[in-house]
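Here's a quick briefing to read alongside the model. Have the sequence and the 3D view open, and let's walk through a few spots worth a look.

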Amino acid sequence: MNKKSMYLALGVVAVIAAFVLGGVVDLFATEEAAGKPEVVNVYTSRHYGVEPVFERFTQETGIQVRFTTGSDALLRERLRAEGKNTPADVYMAVDAGNLWLAGEAGLLAPVDSKVLRDNIPANLRDAGNRWFGLTRRVRTILYHPGRVNPAELSTYEALTDPKWKGRLVMRPATHSYTQSLVSSLVAAHGPARAEEIVRGWVANRPTLIDSDTRILEALAAGQGDVALTNHYYLGRLLQANPQFPIRVFWANQNDRGAHQNISGAGVTAHAPNRDNAVKLLEWLATAGQADFASSNHEFPANPKAAAHPIIVGFGEFKADALNIGEFGRLQADSVRILDRAGYR
Amino acid sequence: MTEKTLIMQGVRDKRPSLLSSLPFFVVALTLLPVLVVASSLLTPTWSVWQHLWDTILPELLLNTAMLLLGVGIGTLLLGTALAWLVTAYEFPGKKTFEWLLVLPMAMPAYIMGFVYVAIFDFAGPVQTVLRSWGLERLVFWQIRSGFGAIMVMTLVLYPYVYLLAKAGFAEQSGSAMEAAKVLGSSKTRLFFQVVMPLARPSIVAGVSLALMEALADFATVRYFNFPTVADGILRVWHGLMDLGAASEMAGLLAIFALLLLLSEHRLRNRRAYHQVKGKNQGLPTMFLGGWRGGVAAGICSVVVFAAFGLPLTQLLVWGSRGIGQLTPGYLAVYVRLAGNSLSLAAIAAVVAVAIALLMASLTRLRGGTLSRLLTQLVTTGYALPGAVIAVGILLPLSALDRGINMLTAAWWGVTPGLIFTGSIVGLIYAYTVRFMAVAYNSVDSSLEKIPPNTILAARVLGASTLRLITQVQLPLIMPGILAGAILVFVDVMKELPITVMLRPLGYDTLAIWVWQMAAESLWTSVALPALVIVLAGLIPIKLLLSQGK
């Protein structure tokens, strides 16, 4: 080795040593924090706006919240692999199907809490008390008022009408939002009719865009006239620009109501700080409920909590009262229906 | 038996030692996650396969084939041509372009995909402006298509070929070229019949890395509504909630990748690529003056603009809208995240390259078909979607942790908790497994060019294996090693699923931050950390490239 490459190697080693040292110190810092004060550890796939809410919880209770983010499925596998040694106390997900699956896989322990029972409606929580919905998100019909008269709109099913050919913008089948919407169709009509409805949508050649925000922007730009998205994406866009031209239409108001999903949480089966975990859930369902829901323009699961003014402006509506756990039970069927119907 | 094998047999280290059994140990460790995934093939879920075959599988297979073909041809042409341009010619701005051309690699493909879609789709600025001028008929493209996916992935992945081809050219001796010139060979013939064949191991190594990356990608193809087999794996896992069936698909993908690698290797194995290179005897460069120089600089500019300048500009535009969020608190967060990302990437790069070097040179020195096959197997992990390999890594690591906890509980009555899952040790192990192909391909393709005579000479002079590696091989293949280190470094900076699964509680990286914001379509908040990823990747690239000469 010549002198130059020797210096290079030495330099590289020095830099790395510095970084490793930094990393190790960082690690010990977090380890130390774990030892002393009261903590609750959260695995969460909901990360939008959780930090200020957790900070408020810490201020009010003295319990520190440490959280690690990730996608629903990855965090569930991590929980499963860690088993009894898991540091996680709470599993928080943004889709009922994932909570249902975690419950069925034995990753969540039942919580017998009067506070949660009294504040979260029965259809928004697990019958076995393993998980609880905390916020509601409604997937409904969005339209451009310049090109669509709301009188033309009625139900998800009616979007199969050929007059919507080339005018629909929807989310691809890979997303759980699409899947749980189809599950609600299966619950309402049975699998055969649900497949017919999906085929009807596909026949109208919808534009598929894998981002609700982008779907709304496409609608505003004129790529389509009617779309299906979660309501809070419009809430966000309106917050940034009150003139954003898209309107909400609440679907299926004359029958079962608009399709809603939840974000929610459960206490893990091997939670090292179980009491704190239950406290966090109860707090999120009551004192922290309005903030938690409003941080993402979602509707509170607790009917006593106030919703964000922007989404209150979308008007009163009736939501499908189906138990949210059904979306998990029916999800695989719905994906098969989507695949068979050619909805990609 | 060829002369090469005879020589290699002659110089083989026959003394049994700890060092010589090392490759098998390392191979076993790196192979474990892939085997965990592939073992699901032993218990196939027929109902899922039947459903897939009847519905989406044919389309997935066709799309995957098209993607591989498109990205393969695209990266081969772009990467090789650019590498040749900056190696063989002098033109205005060449020194700058030499490293600017590597930069697109620092751009995570999932960011690039989104940015391209955002710029060129219906609601994007290009079509909006065309519509406002009444020129919507000029819109000939459908960006959400296979074409869009292939184009974006080619732009992100060509640097793999470029970097390795450049190393391949740089390691060539000028004498073969001189000889050809003296014999009256034309420039075209010179390139295709002398330079290209000699650089072939490096170029092929680069293209196969690009192809494996394309095979494993599921995030980018989703933006373009172009589902491939990797996307199908995620569909089965998340949609049908069947991780077992998803692993089976991943196992098949690994076998497919392995077949590709092996067939390539068989083709390569029939030839020898040894080159003798003294000091300062690289390829001669030619000066391009006048308009020729302008054209050369122009080509480089167009590529750098399309693959880096344009997405960077869009990120800056979004970032400037989010500038209000940039409080000192946020800056502190970015600095911490950048520190975490950089340290993980640096450690992983060194570990992966060191192991790859040991493995590659020891298998070469020992020879044998079995060890060849095993080392080849190790690199298949790169063709699997990161999320799947992450599960394959998590399972053995958590079993290890459980075992440790059980033992310590039985012996001393204490449980240390999770040591490997949720620690930096586990993360580095996982990165090494995932990116072994990158390090190994880079190092091995360079090793291939060392003539056996050199090794023979060292052996005759009594050099031990360790000395042979550190004092003979290492200096000769420095360009390949540096290229490998850069590639691993940048890959780790961008890596997502493994970091998500295995990082310690509360320990975040830039890529995770970017992903969180991207998942929520908060593009103004994505821009800044994405820029930091790109900038952080830039420093080592610049540094290593200037040292590599």
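Is B:Leu135 buried, partly exposed or exposed? With a relative accessible area of 34%, B:Leu135 comes out as partly exposed, because that value falls between the 20% and 50% cut-offs. Keep in mind that this is a predicted model.

**The patch around B:Leu135**

- B:Leu135 sits in chain B, in the loop that runs between α7 (125–132) and α8 (146–170).
- Together with B:Val129, B:Trp133 and B:Leu138, B:Leu135 makes a nonpolar surface patch of about 400 Å².

**Helix α8 of chain B**

- Counting 25 residues, α8(B) spans 35 Å from first C-alpha to last, which is close to the 36 Å expected at 1.5 Å a residue.
- There's a kink of about 40° in α8(B) at B:Val156, shortly before the proline B:Pro159.
- The rest of the structure largely encloses α8(B), because 22 of its 25 residues are buried.

**Salt bridges**

- Over all chains, the whole structure has 31 salt bridges. Side chains of opposite charge can pair when their charged atoms come close.
- In chain A, A:Glu82 pairs with A:Arg78, and their closest N and O atoms are 3.0 Å apart. Both residues belong to helix α3 (residues 72–82) of chain A and are four residues apart, about one turn of the helix. A:Glu82 counts as buried at 1% relative accessibility, and A:Arg78 counts as buried at 2%.
- Over in chain B, B:Glu98 and B:Lys166 form a salt bridge at 3.3 Å, N to O. B:Glu98 is in helix α5 (residues 94–100) of chain B and B:Lys166 is in helix α8 of chain B, so this pair ties together parts that are 68 residues apart in sequence. B:Glu98 is buried, with a relative accessible area of 11%, and B:Lys166 counts as buried at 14% relative accessibility.
- B:Asp231 and B:Arg222 also meet through their side chains in a salt bridge, at 2.6 Å from N to O. B:Asp231 counts as buried at 2% relative accessibility; B:Arg222 has 19% and counts as buried too, because the cut-off is under 20%.
- Back in chain A, A:Arg139, A:Arg171, A:Asp210 and A:Asp212 are joined into one network by salt bridges that share partners.

Technical notes: Residues numbered from 1 in each chain as written. Chains lettered and ligands numbered in written order. Predicted model: local features only at pLDDT ≥ 70, side-chain atom pairs only at ≥ 80, totals over all residues. Heavy atoms only, no water. Patch = residues over 30% accessible without salt bridge, like charges linked within 9 Å, V, L, I, M, F, W, Y side chains within 5 Å. Areas by Shrake-Rupley, 256 points an atom, 1.4 Å probe, with all protein chains shown as cover. Salt bridge = Lys/Arg side-chain N within 4 Å of Asp/Glu carboxyl O. Helix = DSSP H or I, 4+ residues; strand = E, 2+ residues; numbered from the N terminus. Buried < 20%, exposed > 50% of the residue type's maximum accessible area, 1.4 Å probe, protein only. Expected span 1.5 Å × (residues − 1). Bend = angle between axes of the 7 residues up to and from the residue.
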